[in-house]
Amino acid sequence: MPVKKKTFEELYEEILEHMNDEDIEEKLNFLKGSSKNEEYHLDCILHPEKYAPVLKWEKCDCSFNKHSKCIKSCDFDALKISDDGNIYIEKDKCIGCGRCIEVCEKNRFKPSKDIIPVLNTIRLNNRPVYALIAPAFIGQFGSDITPGKLRCAFKKMGFEGMVEVALFADILTLKEALEFDKNIKKESDFQLTSCCCPVWIKMIKKIYSTLIPHIPPSVSPMIACGRVVKKLVPQAVTVFIGPCLAKKAEAREPDIKDAIDYVLTFQEVNQIFGLMNINLKNLSDIDKEHSSEAGRIYARSGGVSEAVNRTLSKIRKQDGIKLKYRVAQGPIECKELLQELIDGKVNENFFEGMGCVGGCVGGPRTITDKELGRKNVNIYGSESEYATPIDNLYVIKLLNKLGFDTIDKLLEDRNFFSRKI
């Protein structure tokens with residue numbers, strides 16, 4: 001008699017029930033069904049790094065239709081139709097934008113989850129595990145949940161500590177301001193921000209590649225944070241926590257995959273809090289926030305541009321071309337802006353693109369509404385002791401510790417904050 005196929009949610013719950021088993025992979029063999037499909041599903045959950053950030057959970061009725069909504073929604077040609085009519089996902093092309101999940105009316109696509117390997121790594125307790133939390137986190141787990149309470153929650157989960165990625169957004173703000181000051185010398189010059197959004201960067205590389213020379217060679221704050229943590233704590237395991245699936249794909253890119261070991265979304269972390277019965281409201285407040293307002297507002301659309309513009313005015317030693325920025329949010333606006341750039345129909349010289357409407361606070365794996373998220377981020381930004389990274393003593397101290405005698409040396413960096421574009 002054939003074994004009834006388990007849904008994604010059912011299989012996940014069964015695995016979570018056995019997380020305390022001594023050898024989880026051997027103990028979970030009993031969960032395997034009689035079909036290869038069931039074994040594939042189990043492998044997706046236990047070893048998410050082997051698959052795309054979006055999982056195709058079962059065969060579609062519309063598989064033979066090349067005009068299916070999911071196929072049309074993918075700007076990166078990651079969805080293919082096999083000889084037997086099944087839609088599948090090419091791992092190397094999928095960037096995790098999640099559009100196929102949004103448009104599939106039959107719920108055939110599922111977001112990949114890193115919960116099991118992260119909890120298993122913490123359970124082994126042989127390496128320090130750090131939570132690197134994205135700037136969009138504020139307010140996601142409750143309006144009265146402070147960064148200090150979150151830090152305490154991660155400690156209870158078994159993490160060595162929590163690091164705010166906004167501190168590294170500060171450093172990347174400095175770098176992009178320096179790049180603008182160095183490279184924008186006449187009215188026709190322009191720069192595309194390379195910070196934050198992997199959907200924006202992939203869109204340029206894959207679809208609008210003639211614009212690549214206008215991208216400064218910077219990594220995202222996530223990658224910068226992971227690299228620095230691993231430099232300071234060589235045995236560290238780094239877990240990025242943020243609002244989107246695209247960061248899972250970014251973390252696996254060949255030239256930067258040394259920085260981040262796992263990626264959890266806000267929704268995944270919220271699930272772990274429930275699993276471990278962690279009540280954030282009852283936790284103590286471990287207060288160690290070091291980021292500036294500039295780094296904190298990266299989480300919402302326009303934040304990167306504002307941060308770079310404010311910082312540029314403070315680091316310039318002489319007058320230069322004034323920064324005039326334009327922001328695009330969501331895939332439609334991003335594509336329209338990039339096409340206008342190619343067609344020469346723009347008047348600005350600094351361009352910020354966010355793959356989600358609202359920016360990171362509008363990411364598909366957030367918990368709160370994007371407008372509330374934007375409000376929370378702005379309030380948190382205004383509460384910082386520092387307006388820009390150049391004012392932030394912790395930024396200067398960290399850069400000195402990493403070997404940067406002056407901020408200008410960021411333009412020469414090849415180890416922490418740069419990559420080949």
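Glu268 and Lys248 pair up in a salt bridge, with their closest N and O atoms 3.0 Å apart; here a salt bridge means a side-chain nitrogen of Lys or Arg within 4 Å of a carboxyl oxygen of Asp or Glu. The two partners sit 20 residues apart and link distant parts of the chain, Glu268 in helix α12 (residues 266-275) and Lys248 in helix α11 (residues 246-250). Helices (H or I, at least four residues) and strands (E, at least two) are DSSP runs, numbered from the N terminus.

This is a predicted model, in which local features need pLDDT of at least 70 and side-chain atom pairs count only at pLDDT 80 or more, while totals for chains, interfaces and linings use all residues. Residues are numbered from 1 along each chain as its sequence is written, and side-chain values use heavy atoms, with hydrogens and water left out.

**Salt bridges**

- Side chains of opposite charge can pair when their charged atoms come close.
- Across the whole structure, a search finds 21 salt bridges.
- Both Glu268 and Lys248 are buried, a word that means under 20% relative accessible area, with exposed being over 50% and partly exposed in between (1.4 Å probe, protein chains only).
- Lys50 and Asp43 also meet through their side chains in a salt bridge, at 2.6 Å from N to O.
- In that pair, Lys50 is partly exposed, with a relative accessible area of 44%, whereas Asp43 is buried at 19%.
- Another salt bridge brings together the side chains of Lys314 and Asp391 (2.8 Å, N to O).
- This pair links distant parts of the chain, 77 residues apart: Lys314 lies in helix α14 (residues 303-315), and Asp391 in the loop between α16 (370-382) and α17 (393-401).
- Lys314 is partly exposed, with a relative accessible area of 44%, and Asp391 is partly exposed too, at 28%.

**Helix α15**

- With 13 residues, helix α15 (residues 331-343) reaches 18 Å from its first C-alpha to its last, close to the 18 Å expected at 1.5 Å a residue; the expected span is 1.5 Å times one less than the number of residues.
- Its buried residues are Cys334, Leu337, Leu338 and Leu341.
- These residues lie on the same side of α15 because they cover an arc of only 95° around the axis, taken from the directions from the helix axis to the C-beta atoms.
- Among the elements covering the buried residues of α15 are β7 (191-192), α9 (198-206), β10 (325-329) and β11 (350-354).

Key
Contact means heavy atoms within 4.5 Å.
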